[in-house]
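Biologist: I am new to this structure. Please take a close look at one part of the picture: the places where pieces of the chain meet.

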Amino acid sequence: MNLLTFNMQNAIRAGLGVMIVFMFSYLFGSATFINWGLISLLFCYFYFAAKRYVCVNDIDKVGFVFVIAFLCWISFEFVRAFLYSEGYWMWKNVVNSLLNMSIFVVVFLAISPLWLQGIYRIFFKNCLWMLGLAIAFTSAHNPNALSYLPYSTLLLFWKYIPLKKRFLLLALVILFFVTQEQRNDVLKMIMALFLGFSVTYLAKLIPLWFIKLAHALLLLLPIVLLIVGFLGIFNPFKMDDYIKGDMTREVKNESGENYDDDLKADTRTFIYTNVSYTMDLYDAWIMGRSPAYGDEGPIGVASEINNETHQRGRYGNEVQIMNILLWYGVIGCVLYFLMYARASFLAIYRSRSSIMKGIGIYVAFLWMWSFIWEITKFEVFFMMNIAFLGVCFSNKYREMTDKDFEQWVLGIFYKKKKH
């Protein structure tokens, strides 16, 4: 095993490395410069493998243009951020953001069916020791340090997963389901499970027009709700207005302490308010403020000066689309939308398999979910999300039939035998 070469096998190991780096940082803590160095090394494995094994002819040309345009725009914004930065904390935030955004190289690497197949295989083979490590060294004794996405997104391929492997996969997913405390994680898991079961058992019953309608709603509904929310007509985050009854549950935090979690609590309106206030204050709607700055809204911590960093406001939020708007402006948001819209369109309208149509709906769902949660990080949960952008842009994946996908999925669990 030669880890000094930038080949496909090491790019697959680097995918597992993303999980390991996060786990050790989460469980044991590590110096910032060590994390930066490890992330830079993992990026090199991804970048050079993509350059070596992925051909431009394998990528949808329009999708390729959208991805390159988005990456060029954020690169321009980081140049602005470097010019604006001063002091330790501003530079630290900018470098962190730059390394996190470098995860988008995975979009190109995931064009190759070999890489994602290898990612699923290596995560499945190493799940037990990582699960044991996550449980043993977490004070609340739950596996929050281990990302569930390499396992829950496998549910999208439920149709072709061998029966015995299904039991282990379901056990892992159920374990995460009962221990996860974030609505973000649970709902994405439910979505993958729903799509996987629909493709497996209802594919012949669901008409194509219904899939196309669902696709359009997932792409357009968040934009419509955003507009009516800003106009004061309807705020979907104020769930007390349209969901009655008590939805409070007792959960444990990372320290093992119990607290009451209200599932209907509005934790997003203030983020939208603060970011829009900041955009107005600095007239930054078109180009954004660059990753050098956070939002300076009037609500909560965004209105105060941090005693440690001496910066006003929050540097980044839990809502992906608001971070993109804050740092990269409306231009960044439009380019981000075009990537997801094109990718999901190709999977639904330009593919030969039911599996790809399920993946297209999942990608459209991820776009909608960026208005509620999500954040760009060099971590497994986001790596798996944007890997499906590459899958949709890949000519090879879209040319695969259901029979081809069956062989691809079986290759995750079994080694090929020589005849």
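Modeller: What follows goes through those meeting places, pair by pair.

First, the ground rules. This is a predicted model, where local features need pLDDT of at least 70, side-chain atom pairs count only at pLDDT 80 or more, and totals for chains, interfaces and linings use all residues. Residues are numbered from 1 along each chain as its sequence is written, and side-chain values use heavy atoms, with hydrogens and water left out.

Start with two helices. Helices are DSSP runs (H or I, at least four residues), and strands are E runs of at least two, numbered from the N terminus. Helix 12 covers residues 269-282, and helix 13 covers residues 320-349. Their axes lie 10 Å apart and meet at an angle of about 10 degrees. That makes helix 12 roughly parallel to helix 13. Here is how the angle is read. Axes are lines fitted to C-alpha atoms, for helices over the stretch in contact, and angles run from 0 to 180 degrees between N-to-C directions. Under 35 degrees is roughly parallel, over 145 roughly antiparallel, 65 to 115 roughly perpendicular, and the rest oblique.

Which residues make this contact? Helix 12 brings Ile271, Tyr272, Val275, Thr278 and Met279. Helix 13 brings Ile321, Met322, Leu325 and Leu326. Contact means heavy atoms within 4.5 Å. Of these residues, 8 are nonpolar, 1 is polar and none is charged. Nonpolar here covers Ala, Val, Leu, Ile, Met, Phe, Trp, Tyr, Cys and Pro; charged covers Asp, Glu, Lys and Arg; the others, Gly among them, are polar.

The loop between helix 12 and helix 13 holds Asp283 and Ser290. Most residues other than glycine have a negative phi. Asp283 has a positive phi of about 50 degrees. Ser290 also has a positive phi, near 80 degrees. Are they buried or exposed? Asp283 is exposed, at 68% relative accessible area. Ser290 is buried, at 0%. Buried means under 20% relative accessible area, exposed over 50%, and partly exposed in between (1.4 Å probe, protein chains only).

Now the charged pairs. Side chains of opposite charge can pair when their charged atoms come close. A salt bridge is a side-chain nitrogen of Lys or Arg within 4 Å of a carboxyl oxygen of Asp or Glu. By this rule there are 9 salt bridges. One of them joins Lys396 and Asp58, at 3.8 Å from N to O. Lys396 lies in helix 16 (residues 395-399) and Asp58 in the loop between helix 2 (32-53) and helix 3 (61-84), so the bridge ties together parts 338 residues apart in sequence. Lys396 is partly exposed, at 40%. Asp58 is buried, at 17%.

Glu77 pairs with Arg80, with the closest N and O atoms 2.7 Å apart. Both lie in helix 3, 3 residues apart, about one turn of the helix. Glu77 and Arg80 are both buried. Glu406 pairs with Lys403, at 3.4 Å between the closest N and O atoms. Those two also sit 3 residues apart, in helix 17 (residues 402-413). Glu406 is partly exposed, at 24%, and Lys403 is exposed, at 53%.

Next, the rings. Rings of Phe, Tyr and Trp (its six-membered ring) pair if their centres lie within 6.5 Å; planes under 30 degrees apart are stacked, over 60 edge-to-face, and the rest tilted. The count comes to 41 aromatic pairs. In one of them, Phe104 and Phe382 have ring centres 5.7 Å apart and planes at 70 degrees, so the pair is edge-to-face. Phe104 lies in the loop between helix 4 (88-101) and helix 5 (106-109), and Phe382 lies in helix 15 (residues 380-393), 278 residues apart. Both are buried. Ring pairs also link them into a cluster with Phe70, Tyr336, Phe337, Tyr340, Trp367, Phe371 and Phe381.

Phe78 is in helix 3 and is buried, at 3%. Beyond neighbours within four places in sequence, Phe78 is in contact with Val94, Ser97, Leu98, Met101, Pro291 and Tyr328. His215 is in helix 11 (residues 208-230) and is buried, at 5%.
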